[in-house]
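Welcome! Take a moment to look over the sequence and the model, and then let us walk through a few parts of it together.

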Amino acid sequence: MFTPIRSLGLHGVLGYEVSAECDLAGGLPAFEIVGLPDAAVKEARDRVRAAVKNCGCTFPVSRITVNLAPAGQRKAGTVYDLPILTGILAASGQIPAPDPDAAFVGELSLSGALRPVTGMLPMALAARRAGIRTLYVPANSAPEATLAGDLTVYPVETVAQLLRHLSGREAIHPAPPWAPDGPPPPAPDFTEVKGQEAVKRALEIAAAGGHNVLMAGPPGSGKSMLSRRLPSILPDMTRQEALDATQIHSVLGLTTKDTPLLLQRPFRSPHHTISPMGMAGGGSNPRPGEISLAHNGVLFLDELPEFRSDVLEVLRQPLEDGAVTISRAAGSVTYPARFMLVCAMNPCKCGWYGHPSGRCRCTEHEVERYQARLSGPLLDRIDLFVEVPALEYEELSSRSAGESSAVIKARVDAARSVQLARFGHGGPDCNAHMGQQELRAFCALDTACNQVLRGAFARMGLTARSYDRILRLARTIADLDNSRDIQVPHLAEALQYRESAYLR
């Protein structure tokens, strides 16, 4: 007897529909799974056989063939255990055939209990697109599946419970749509930062326009402390942004039943020993890297020159395109990677180059060699170069609190709302992502601004890319000033962030 069971699979961070076609035929007993299964899928034969017996059913003694269609797409993981078991029991007449608009996803233990699976959210979203209305998933994965909306999600604890439900003996109650119990935990606040008002201003501009930042200064000046407080002034994620970011974390198993949805923008801070594959993603079965985990959030690289050059160079294309494509012999996968790059570095190996105390022990050649680890094309993709000077004793001993993140965030939100109204639905979400069409329309310069920029272009040796980035940055500064047009002070402030006494 032949029975098809609808299920779901993953390709990158996108789900797609899979049909588990189960056929029972005469002949010598055998159990074959076809359709380009990987080792984990093939091992489902043993898990399914044990689970069927331990839930009180009879494993059919016949020739069993399970085809996972589409057969040309490689199948990976343990999500097909439950649909294979359901199809075998339905084909052998032990349970009624499920509704055609129902799909099954889940990993089985040998006892018949269901274990949670990774990538539940993208698979649930794919189920909704495919017209599936009912989804049977492990109980611990149910909260994440409900985030897709327009689905009836049944949380299944054991195979025996599922069989009673399908037979009409004991119904499983659908899982309620997940909602957070309360506000997310508070992020570190800018009010804890002493001094550094100029750096706070630069970070406010970066947050308002989504710009990339490089901070340079001696050790202990507060570069890491300031960077870790940047998410507290970024605009709240929209529902779609939260779903897009959560899908990537879900594929890597970084979500839980208590927090299946990201409530705050991601902040990723990989160590400088990371490999290019860890940064961009990859592997024989490509997985997302740090730049994708930072999607819609912040990627913070501390001690930037200590990163290997090949690791830093993989950032160049994603910074322009907002996505990274990983190609392997089995095919290509594209992961989203739209993030704010925030970097921190010392001006030299010992860290004290340019400090008034004269503590630097590095020679001129050593300073040049240290800074030369950063390539020109990478630095050209940075919008703001910010100097973070060492704090004076009076600033450190002051008891007055700095401006809070809530106050700064209010100004950032106001600037972002201006940008959203300017670009409209379907346009860029912030100034940093403006294309050439938006630059021509919204970054026009008057005669005075053109004269300022013309002189700076030759003096500073600007490139076409840095020219565009200066215009985007000036547009953000004008938005914070609630100015309709870019004025000379806005352009002058944007130009000052292209120079740094710590970088040659």
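Where is the place of Ser483? Ser483 sits in the loop between α20 and α21 (488–496). This is a predicted model, in which local features need pLDDT of at least 70 and side-chain atom pairs count only at pLDDT 80 or more, while totals for chains, interfaces and linings use all residues. Residues are numbered from 1 along each chain as its sequence is written, and side-chain values use heavy atoms, with hydrogens and water left out.

Back to Ser483: this residue is buried, with a relative accessible area of 17%. Here buried means under 20% relative accessible area, exposed means over 50%, and partly exposed lies in between (1.4 Å probe, protein chains only). Leaving aside residues up to four places away in sequence, Ser483 touches Arg475, Ala478 and His490; a contact means heavy atoms within 4.5 Å.

**The whole chain**

The protein chain has 21 helices and 18 strands. Helices (H or I, at least four residues) and strands (E, at least two) are DSSP runs, numbered from the N terminus. Along its principal axes the C-alpha trace spans about 85 × 45 × 45 Å. Of the 504 residues, 53% count as buried. Among contacts with a separation of 6 or more, 72% come from residues 24 or more positions apart.

**An open sheet**

Five strands form an open sheet with parallel pairing, in the order β11-β14-β17-β10-β18. The strands β11 (267–268) and β18 (384–387) are at the edges with a single partner strand each, so one side of each has no neighbour in the sheet. Two strands pair if DSSP finds at least two bridges between them.

| Pair | Bridges | Residues standing opposite |
|---|---|---|
| β11 and β14 | two bridges | Phe267 and Val298 |
| β10 and β17 | four bridges | Met215 and Ala344 |
| β10 and β18 | four bridges | Met215 and Val386 |

In a regular strand the side chains alternate between the two faces of the sheet. Strand β10 is covered on both faces: Val213 and Met215 are buried on one side, and Leu214 and Ala216 are buried on the other. Helix α7 (residues 197–209) lies across β10 (213–216), β17 (340–345) and β18, and runs at about 160° to β18. Axes are lines fitted to C-alpha atoms, for helices over the stretch in contact, and angles run from 0 to 180 degrees between N-to-C directions.

The axes of α17 (residues 405–423) and α20 (residues 464–480) come within 9 Å and cross at roughly 115°. On the α17 side, Arg411, Ala415, Val418, Gln419 and Arg422 meet Arg475, Asp479 and Leu480 of α20. These residues divide into three nonpolar, one polar and four charged. In this scheme Ala, Val, Leu, Ile, Met, Phe, Trp, Tyr, Cys and Pro count as nonpolar, Asp, Glu, Lys and Arg as charged, and the others, Gly among them, as polar.

**A helix with a buried face**

Which residues of helix α2 (residues 44–54) are buried? They are Ala44, Arg47, Val48, Ala51 and Val52. Seen down the axis of α2, these buried residues fall within an arc of 125° and so line one face of the helix; the arc is that of the directions from the helix axis to the C-beta atoms. On the other side of α2, Asp46 and Lys53 are exposed. The cover over the buried residues of α2 includes β3 (30–34), α1 (39–42), α3 (81–91) and β6 (107–108). After α2 comes Gly56, with a positive phi near 90°.
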